[in-house]
Each structure stands twice: as structure tokens, then as C-alpha cells.
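Subject: Structure handover and findings

Dear colleague,

Please find below the structure for your review.

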Amino acid sequence: MNRTIAAAAALLLLAAGCGGSDDEGSALKVTGTVTASGAPASQTVRLDMTDSLTFLPNVVNAKVGSLAVTVENAGAVPHNLVFDDTALGKTGTVKGHATATLTVPLAKAGTFVFTCTFHSGMDGQVVVTG
């Protein structure tokens, strides 16, 4: 009996060691990647917001210039999209089955994080190259 308990405990520890981490500050959980279309001065991209509290996709590749981000709320739960860098802007509340478009000035290369401020962990990023 003691061997069975010890073996079960060892398996649980081994399984825990093999699992991923949900620590705060961990890397973005990518739901998909998209490349913005159009010339650098007039790029466009479309993202879905879901009731499972994700942006689909949540990584956007773009060039220095301007990016029109259209978000479509594919479900019923309200969302928004807010950039950590306030100079890049934000949408208002996007109610269920509605859309909003935000034009984002991309003046320099870098990675710019966005989030839904209503739902912790609903994040994404725009990766801008020169």
C-alpha cells in the first residue's frame, strides 16, 4: 500500500514538472499570427474577439507606417482593445456581434502590446519592422 502511494505521489510530481507555467509575466499565449495587408502607409488587419476571451489571431506583423485594426466581436461578451502605449490608441466598448476600427500610427519598429481591459489575459501584440 505504501509503495502504491509513493508511486502515485512520484507520478504527480513528475507530471507537475512537465507542465507549462501560468506565472504572471509569462510569454504571450499565441492564438495565431497574421500579417497586415496593404502598403505601409495604409495597412489593414482584422481580428476577432471571442467569448472564450481571446483575440484571434493575437499577433500582428506590420511595417512602420499606419495600421487600421478592425476588431469584430464574434460573440456576446463585450470587449475593447487598448494599447499599453496610450499614444497608439484604443477602441471603445465593442458589444456582441459589432465591429470597431482603430487607426494606429506605427512610427517606429518594435513590439506593441494590446489588451482587453475587461478581461485579464486577453492580450496580443503588433510586431512592427522597418
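Two strands are said to pair if DSSP finds at least two bridges between them; strands (E, at least two residues) and helices (H or I, at least four) are DSSP runs, numbered from the N terminus. This is a predicted model, in which local features need pLDDT of at least 70 and side-chain atom pairs count only at pLDDT 80 or more, while totals for chains, interfaces and linings use all residues. Residues are numbered from 1 along each chain as its sequence is written, and side-chain values use heavy atoms, with hydrogens and water left out.

Sheet

On that definition, strand E6 is joined by 2 bridges to strand E8 (residues 110-115), and the two run antiparallel. Within this pairing, Val-82 stands opposite Thr-115 of E8. Both strands belong to an open sheet of 5 strands with mixed pairing, in the order E1-E4-E9-E8-E6. Its edge strands, E1 (33-35) and E6 (82-83), each pair on one side only. E8 also pairs with E9, in the antiparallel sense and over 6 bridges; there, Phe-114 faces Gly-124 of E9.

Aromatic rings

The structure contains 2 aromatic pairs. Rings of Phe, Tyr and Trp (its six-membered ring) are paired if their centres lie within 6.5 Å; planes under 30 degrees apart count as stacked, over 60 as edge-to-face and the rest as tilted. Phe-55 and Phe-114 form an edge-to-face pair, at 5.0 Å centre to centre and with 85 degrees between the planes. Phe-55 lies in strand E3 (residues 55-56) and Phe-114 in E8, so this pair ties together parts that are 59 residues apart in sequence. Phe-55 is buried at 1% relative accessibility, and Phe-114 is likewise buried, with a relative accessible area of 1%. Here buried means under 20% relative accessible area, exposed over 50% and partly exposed in between (1.4 Å probe, protein chains only).

Phe-83 and Phe-114 form an edge-to-face pair as well, with 5.7 Å between centres and 65 degrees between the planes. This pair links distant parts of the chain, since Phe-83 is in E6 and Phe-114 in E8, 31 residues apart. Phe-83 is buried, with a relative accessible area of 3%.

Nonpolar core

A nonpolar core is a set of buried Ala, Val, Leu, Ile, Met, Phe, Trp, Tyr and Cys residues joined through side-chain atoms within 4.5 Å. The largest one has 24 residues, and those with the most contacts inside it are Leu-47, Leu-67, Val-69, Val-71, Leu-81, Phe-83 and Val-126. At least two residues of this core come from each of E2 (43-49), E4 (59-63), E5, E7 (99-106), E8 and E9 (123-129). E7 gives the most, with 4 residues.

Thr-70

Thr-70 is found in strand E5 (residues 65-73) and is buried, with a relative accessible area of 16%. A polar contact of 2.9 Å joins its side chain to that of Thr-101. Such a contact is a pair of N or O atoms within 3.5 Å; within protein, one must be able to donate a hydrogen and the other to accept it, and residues adjacent in sequence count only if both atoms are side-chain atoms.

Yours sincerely
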